[in-house]
Structure formats: C-alpha cells, structure tokens
2 protein chains.
Amino acid sequence: MKNLLIAQSGGPTAAINASLAGVMEAALISARVDGIYGAVNGIQGVFEEKIIDLKEAVKSAMDIELLCQTPSSALGSCRFILKPWKEQEGQYEEFIRIMRKYSISYFIYIGGNDSMDTVYKLSEYCREKQIEDIMVAGVPKTIDNDLAETDHCPGFGSAAKYIATTFAELERDISVYPVPAITIVEVMGRNAGWLTAASALSRINGGAGPELIYLCEHVFGKEKFLSDVKEAMERKKALLIAVSEGLKDRNGKYISEEAQSDMADAFGHKYISGTGRILESLIREKIGCKVRSVELNLMQRCAAHVASDTDLKEARMLGGKALQCAVEGKNGVMASIRRLGSNPYAVEYTSVPVGRVANREKKVPAEMIHENGHDITDEMMQYLLPLIQGEANVMYVNGIPSHIII
Amino acid sequence: MKNLLIAQSGGPTAAINASLAGVMEAALISARVDGIYGAVNGIQGVFEEKIIDLKEAVKSAMDIELLCQTPSSALGSCRFILKPWKEQEGQYEEFIRIMRKYSISYFIYIGGNDSMDTVYKLSEYCREKQIEDIMVAGVPKTIDNDLAETDHCPGFGSAAKYIATTFAELERDISVYPVPAITIVEVMGRNAGWLTAASALSRINGGAGPELIYLCEHVFGKEKFLSDVKEAMERKKALLIAVSEGLKDRNGKYISEEAQSDMADAFGHKYISGTGRILESLIREKIGCKVRSVELNLMQRCAAHVASDTDLKEARMLGGKALQCAVEGKNGVMASIRRLGSNPYAVEYTSVPVGRVANREKKVPAEMIHENGHDITDEMMQYLLPLIQGEANVMYVNGIPSHIII
C-alpha cells in the first residue's frame with residue numbers, strides 16, 4: 001500500500017482547493033498511489049489524526065469541479081510552526097508513526113511560507129534518518145505572491161483579478177459627483193506589495209485606475225504623500241489611491257502602528273486601525289476635502305466568484321506536479337512555475353528544493369516600482385497582466401456560487 | 001421636435017445604467033421621440049446645461065450592452081434638493097426654459113428618494129402652470145430597497161447577490177481554523193435592513209450563513225447581543241454576524257455614534273467608526289476571543305461583475321416603462337414593479353403617482369424579522385430569493401469587466 005496524505009495550511013485563497021483537486025486528479029490516475037487521505041487543519045490535524053478519506057469526500061468529477069470553485073482551504077488550516085527536529089524529535093517520530101499507521105508514502109502540503117518550512121523540516125528529518133519511503137513535497141499558495149523560487153504563487157492571480165475588477169468598479173463609483181473627493185483603498189500585504197500593484201491592472205481597458213499607488217517596499221513619507229495628493233487633485237477631482245496595509249516610514253515602523261498606540265475606542269481599548277484609516281485622517285486634517293477609506297479585507301482572498309482561470313488552472317497543475325515529484329521519489333521539493341514569456345504568456349511546471357523557499361520573502365523589486373514612488377512600471381504591468389486572464393466558469397445554484405463543504 | 005432628456009442621481013448601483021439603457025432602447029424605437037439627450041450630474045447638470053447627445057455617446061447595440069454592465073451612474077450624479085416652487089419659482093422657470101431650449105418633451109429621472117422628490121416637484125409645477133407638453137417621470141433606483149410603491153428597487157437585487165455571494169465566501173474563509181473566532185460584517189442601510197437581510201441568502205445551498213443577523217429596524221441592545229453571541233459560540237466555533245450600519249439603541253441613537261463622540265485618532269480628530277467596529281471592540285472587551293470586523297463598503301453597491309441578471313433585466317424594463325408613460329402623456333409617475341408571485345416568480349411593470357413615493361421610506365416590516373431579533377423569517381427569504389437569480393453575462397476584456405465611460 002502506498003497511500004497519499006494531503007493537507008492545506010496558511011491563509012485562505014481562491015485557488016488553494018484547485019491545487020488540492022490537482023493533487024487528487026494526478027493521484028487518481030497514478031498506478032503508484034492507492035488510498036487518498038486528507039488531514040483536516042493542516043499539520044496540526046496530522047498530529048491529531050484528523051484524517052479523512054478524500055475519495056469519499058470528493059467522489060466525482062463534478063465534486064472536483066466544485067472543489068476548484070470553492071474558496072479557502074476545504075481541508076481547513078492551522079497555525080503551527082514545527083520546531084527543528086533536534087529540539088523536539090518526539091514530534092517528528094510521531095509524524096513518522098502516523099505515516100506508517102496509515103501507510104502514507106507521499107505527504108503533500110499546500111501552503112505558504114510557514115508550510116514550506118514544515119515541508120523542509122519534515123523532508124530533512126526523513127533524509128537525516130534515511131527514511132526513504134516517505135516523500136514530502138509542497139505546493140505553493142499565497143495571495144501575497146511572496147514565495148521565492150516560483151515566478152508567482154497560485155492564489156495571487158485570483159486576488160489580483162478581484163483587486164483589478166474592484167478598482168475598476170470603484171473608479172466608476174467614486175467618479176459620479178462633481179466635487180473633490182479622495183478614496184483610499186487598503187490592500188493586503190504586510191511586507192510585499194504585489195497585490196497593491198495589481199490595482200494598476202484596472203487601467204488596462206482605458207480606465208484611469210488609481211491615481212497614486214504606494215507599495216510597502218518603498219519608504220512612505222507623509223509629507224511626500226500629501227504633496228502627491230495635492231498635485232493629483234489639480235489634475236482630477238475624484239482620486240482613487242491604493243495603499244499596501246504594510247506601508248512603513250523611514251525607520252521601518254508601520255504607518256498603522258501610530259493609531260494602535262495612540263487611539264482608544266469607546267471602551268478604553270487600544271484601537272487597531274489600518275493604514276488606510278490613518279491616511280484618511282491625515283488627509284482630513286491636512287487637506288480637508290471629502291475623504292473615505294475602504295479595506296478590501298477578507299474579500300480579496302476569498303472572492304472565488306471572480307477567480308482568474310489562469311490562476312485556477314496553474315494551481316491545479318502545480319498540485320499534479322507535486323504529486324508527480326513525490327511519486328518519482330523526489331523528497332523535499334516544492335512544485336514551481338517558471339515563466340517562459342509574458343507575451344505570449346507561457347510557463348513550465350518544475351520543482352525546486354524547498355529549502356530554497358522556506359523562510360524567505362520575495363518582495364517587489366525596485367525596478368518594478370516607478371521612480372516617482374507612487375506608481376508601478378511597465379515591467380510590473382507585463383508581469384501581472386497574464387495572471388488575471390480568463391474567467392472561471394463558476395457554477396451558480398439558486399443565485400449564488402455552489403461550494404463543496406468537506 | 002419632441003426630444004427626450006435623461007438624468008441619473010443618488011448613490012451608485014450596479015443597475016442604474018441598465019435603466020438608462022432601457023429608457024434609450026424604448027426611445028430609439030418610438031416614433032414619438034426625436035433626439036435623446038443626457039444631463040451630466042443629474043438635475044444639477046440640467047441647470048448647468050451640461051447636456052450631451054446620448055445617441056453620440058452610446059452608438060450601438062454593443063454600447064448599450066456595455067452600458068448595462070457598467071456600474072454607477074454613467075451620466076454622473078448630484079446631491080441637489082429642489083425647494084418647493086413657491087419658495088424658488090425662478091429655478092422652476094429656468095428648468096422650463098432649458099426644456100424649451102432643447103425641445104424636451106420628456107424628462108426621465110433615474111434615482112432614489114430625493115430624485116423622486118424632484119420628479120414630484122417638477123411635475124407638480126408643470127401641472128400647476130398648465131404646462132402640458134413636458135412630461136416628467138421617474139425610474140426607481142437604490143440598493144437600499146427603501147422606495148415605497150414598488151415591490152423592490154432596481155439595484156437592490158444586484159447588491160443582494162453580491163452580499164449573498166460574499167457571505168458564502170466569507171463563511172468558507174473564516175471556517176478554516178479550529179479556534180473560536182467572530183467575524184462581524186457591516187452591511188449598508190442606515191434606516192432599512194433589506195441589504196443586511198440578504199446575507200441570509202448565503203444559506204440557500206446548505207451553507208450555515210451568518211449565525212446572527214441584526215437589522216436596523218429592530219432595537220439593538222448590547223446585553224442581548226452579547227448573550228446571543230455567547231449562546232451561538234456554544235454551537236459553533238467560527239461565527240459570522242451580519243449587522244446593519246444603522247443599528248440603533250432603544251433611544252433611537254445609532255450604535256456607531258458612540259465611537260464618533262468618544263474616540264479620537266492619532267491626529268486628535270474625532271474618529272468616525274462604523275457599527276461593526278464598535279461591536280468588534282465590545283466583543284473583544286466582554287468576551288475576549290478573536291474578533292474582526294469587515295465592511296462591505298462601496299463594493300456592495302458597485303460590484304457589477306456579480307450583478308443579478310433578474311435585477312438588470314427589470315431595471316431595463318422599468319426604464320422602458322417610464323419612457324412609455326411619458327410618451328403616453330403621464331406626468332409625475334414613477335415606473336414600478338408589482339409582484340404577482342414568488343414561486344414561480346412573476347412581476348408586472350406598472351406606474352404609480354410619484355407623490356406617493358417621494359419622501360417616504362419602506363422599511364423591513366416586523367413580520368419579516370424573526371421574533372428572536374437576530375434572524376429573518378421564511379417570508380423574507382421568499383421575498384429575496386427571486387431577486388438574485390441569474391448571472392449577468394459580463395464581457396471581460398484583458399481580464400477585467402469592460403465598462404463604457406461616457
């Protein structure tokens with residue numbers, strides 16, 4: 001018996017279940033995989049033996065399609081950091097015991113940075129202990145697009161498409177009144193500005209898009225911001241501004257930290273406010289025009305109804321690729337996308353040693369940020385554009401998208 | 001020459017341009033309409049003579065389709081309340097002068113409460129002055145669904161579909177971690193809870209939907225809220241809670257007012273916080289579990305990419321109906337929807353004297369709110385469900401929905 005165990009971890013995305021589907025599909029047609037199991041709540045669920053039969057939970061080709069259009073981890077997630085095995089060998093022994101108990105030969109973990117760290121540690125442990133019949137492999141997943149060693153991450157393209165679509169719609173929304181008004185839209189990304197950059201995609205069909213775009217990789221100065229805004233107001237009445245939640249000042253301090261230390265709510269509690277709200281207050285005080293801030297919040301990571309078809313298909317392929325690697329005896333790899341070209345767009349699916357991925361962050365490089373500090377470059381646009389192409393053919397039932405609930 | 005002038009007003013919706021398209025289509029096939037003009041920025045644009053030739057701006061059948069999928073008022077909007085003619089007759093004379101100048105026989109105004117008040121006042125003025133060759137008619141529009149004398153309002157169904165879809169997605173998002181967590185989602189509606197009620201539609205395919213739903217028509221008590229939450233936490237770990245932005249206490253004071261009076265931001269400014277954030281703080285203080293609040297904000301009124309096809313088609317029909325009324329010599333009417341049945345759903349398009357609409361608000365009736373005070377009834381579900389049926393066949397270009405910009 002060579003069974004497969006799959007788990008998911010990290011924050012939700014619209015594409016993480018497409019990767020799960022991809023692993024399953026590849027396993028279903030492989031002669032070298034018998035049972036297909038899922039661990040509920042990631043690696044934590046492995047340790048708790050919350051293990052289900054995925055062939056029972058996802059029975060048909062239709063179920064697999066539903067899985068692909070269901071946002072967020074169908075198998076649940078966890079926040080669980082494995083300590084190095086030398087500090088906590090018992091936990092690693094427990095992992096191996098559980099693998100043996102369920103005859104698991106392949107463990108595929110779909111997730112972001114922390115999950116790739118887990119893949120790395122488990123695979124290294126197997127290597128150290130010369131356990132050669134358990135293969136551990138990873139599938140990248142994060143809306144933040146901050147994983148190293150892959151051109152981009154599944155989940156990012158769908159979030160980018162949601163953001164581009166939403167900015168295009170917001171531009172229409174805020175442009176109706178003939179009065180000066182500023183709308184600040186806060187986009188996820190504490191340390192990487194890829195998602196905020198995606199707001200510029202709203203310009204692709206002739207829209208103006210955000211007048212100003214601030215990525216968290218670029219030092220944020222309030223005086224510069226205010227002068228940018230004043231200058232933009234001379235050109236245009238209704239301004240749309242995109243900001244990363246993780247904007248930082250020259251000392252590396254998050255702009256949002258200000259509020260957290262200075263502000264208390266009606267109950268005397270410190271108020272955790274966002275970057276957008278801080279900047280909203282700043283404009284209200286220093287410029288005094290109509291201003292509001294909008295957070296794209298959880299919607300940007302779970303809006304599967306407007307998922308990028310390119311993203312879902314790639315997520316599925318990477319799931320299959322990881323399974324393929326494991327079956328071929330590659331331990332400690334992450335399935336990865338290599339871009340061959342942007343126009344026409346072409347990629348190949350490959351794998352990389354997961355040790356090169358774990359605990360690194362891929363930030364937006366300086367050459368993709370406009371030298372004016374409040375926009376992106378054409379190079380970034382070329383990078384982003386292919387990732388949002390194609391619309392998922394979402395099945396609606398009773399007026400809302402149909403989801404599978406495992 | 002019998003020309004037509006169309007204008008739009010009030011807050012954006014995903015369907016207001018479908019009504020504009022409907023007026024245009026009916027006019028294009030009518031032998032009694034010559035030129036088709038649009039006023040930019042509503043009645044204010046009429047007075048400023050910001051008048052454009054709509055046959056030039058919207059040239060083809062394809063342009064009309066694009067118009068239908070473009071959110072927010074393509075002709076812009078305004079905030080402009082007409083005083084009674086006896087107080088400001090000059091303005092009314094100016095209106096007539098402009099109508100004469102452009103040979104306008106029909107003025108169609110698409111909007112909400114204030115716009116219907118404008119339609120009423122202008123039509124009454126014509127009646128008083130025995131001006132019988134200018135017909136003024138209204139087309140209802142509001143995401144709030146609070147206009148009287150129509151079963152529901154164009155724009156509401158699309159916002160409801162966005163809300164239902166988003167709650168279904170948020171439920172998937174918040175359910176992944178095996179820890180107690182509360183997510184409060186604030187939905188638009190200062191005085192009418194129709195949109196908040198639409199969150200319950202996320203249950204239609206077997207999802208749990210929001211565990212608790214609070215509409216602004218029902219007196220909101222914090223103690224009751226906290227006990228509802230604690231009780232719900234015994235049943236379920238991850239709670240989704242829907243609240244109207246306009247929740248009020250027993251004295252009629254908005255819950256959100258608390259923060260506005262007690263809270264100051266980092267710049268010493270009073271902080272205008274939302275109901276969701278207030279309740280987030282309350283739970284953090286009194287219950288102490290993980291809690292976050294999400295505002296659906298502007299997205300709920302402009303998310304045309306997930307518009308209800310039923311809504312768009314009805315919006316278009318009502319535009320046509322208003323034009324038809326005007327051409328038939330009906331002055332001072334609003335096109336209206338009468339529901340003939342919910343299952344199967346059937347409506348007829350009619351017209352009502354706009355004086356019965358202006359300055360009234362249609363709130364959620366008590367029988368549509370569950371007696372427990374934190375849910376809706378089956379009757380509400382039957383009312384809402386037909387309105388979100390069908391998906392608009394949105395045309396995407398370069399990965400985002402294509403919009404027409406007039």
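A: From β5(B), B:M135, B:A137 and B:V139 point one way, while B:V136, B:G138 and B:P140 point the other way, and all are buried (under 20% relative accessible area, with exposed over 50% and partly exposed in between, using a 1.4 Å probe and protein chains only). Helices (H or I, at least four residues) and strands (E, at least two) are DSSP runs numbered from the N terminus. This is a predicted model, in which local features need pLDDT of at least 70, side-chain atom pairs count only at pLDDT 80 or more, and totals for chains, interfaces and linings use all residues. Residues are numbered from 1 along each chain as its sequence is written, chains are lettered from A and ligands numbered from 1 in the order in which they are written, and side-chain values use heavy atoms, leaving out hydrogens and water.

Two strands pair with β5(B), where pairing requires at least two bridges found by DSSP. Strand β4 of chain B (residues 104-111) runs parallel to β5(B) and is joined to it by 6 bridges. Strand β10 of chain B (residues 333-342) also pairs with β5(B) in the parallel sense, over 2 bridges. B:A137 stands opposite B:I108 and also opposite B:V333 in β10(B).

Helix α6 of chain B (residues 113-128) forms a right-handed β-α-β unit with β4(B) and β5(B): with the strands pointing away from the viewer, the path from the first strand over the helix to the second runs clockwise.
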